[in-house]
Amino acid sequence: MAHPVSAPAAPPARSNLPLDPGIVRRMRVDLAACFRLAARHGMHEGICNHFSAVLPDRPDLFLVNPYGLAFAEVTASSLLLCDLDGNVVEGEGSPEATAFHIHARLHRAKPRARVAFHTHMPYATALAMLEGPPLLFAGQTALRFHGRIAVDEAYNGLALDAREGDRIAASAGEADIVFMKNHGVMVLAETIAEAWDDLYYLERAAQAQVLALATGRPLKIVPEEICRRVAAQEAAGRAESARLHLESAQRILAREEPAYLA
């Protein structure tokens, strides 16, 4: 169940640093595209789950989806600009409560995590429901995540206060991917494009693992040395590949769902 954040009693806290309208618009468009793409790939769950992105040069402000919109409804202009105390600086509505308590605390605690995507996407969440390590390194797609995964074993229910958000942030450590046991996954990245790229391939890797396990035959795990080598190869070109991946998807959206740009 989702819960809206109560309207702030005090006016939004603002910095003296001006916002660059061009940068904010670009981020709004990129983030809105990720919501639409996630919906297309079945990574959404009702009006729950949330994506956020911190503004460049303004670590006190981040974009996040408003409570009440499905991913397929999100547009560039519907995204909320919030500060780390939960005040809405720009936009109409409020963030969903768990979105604020998880994402604001993550961004506050981990400045490198400029983008945070949280979903209950089915295949990755299925792996988060199992005992033991969730993602096994048996397929090439999974190898890009070797050495980048943390597992949060302590499910405590809905994140409705700052303590739970702080605990989740601490569990991430230096990882980019957090499997939240009995819950879902969190993808952390420096850019929106990299977050989308990892989210997409994480679900593809999880889907392949679930399908392979469904045969009842044992997985053929890739040797550790090869895992490390492939992960390094993937890392070398990941940022550029992620940028091109998101741009290609946005060209398709512009033709088929131009409303996301509004």
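Buried means under 20% relative accessible area, exposed means over 50%, and partly exposed lies in between (1.4 Å probe, protein chains only). By that rule E257 is buried, with a relative accessible area of 18%. This is a predicted model: local features need pLDDT of at least 70, side-chain atom pairs count only at pLDDT 80 or more, and totals for chains, interfaces and linings use all residues. Residues are numbered from 1 along each chain as its sequence is written, and side-chain values use heavy atoms, without hydrogens and water.

**Salt bridges**
- The structure holds 19 salt bridges (a side-chain nitrogen of Lys or Arg within 4 Å of a carboxyl oxygen of Asp or Glu).
- E257 pairs with R40 in a salt bridge, 2.6 Å from N to O.
- R40 lies in helix α1 and E257 in the segment after α7 (224-256), so the pair ties together parts 217 residues apart in sequence.
- Helices (H or I, at least four residues) and strands (E, at least two) are DSSP runs, numbered from the N terminus.
- R40 is partly exposed, at 37%.

**Aromatic pairs**
- The structure holds six aromatic pairs.
- Rings of Phe, Tyr and Trp (its six-membered ring) pair if their centres lie within 6.5 Å; planes under 30 degrees apart count as stacked, over 60 as edge-to-face and the rest as tilted.
- F35 and F51 are stacked, 4.6 Å centre to centre with 20 degrees between the planes.
- F51 also stacks with F117, at 3.9 Å and 15 degrees.
- F51 sits in strand β1 and F117 in strand β5 (residues 115-119), 66 residues apart.
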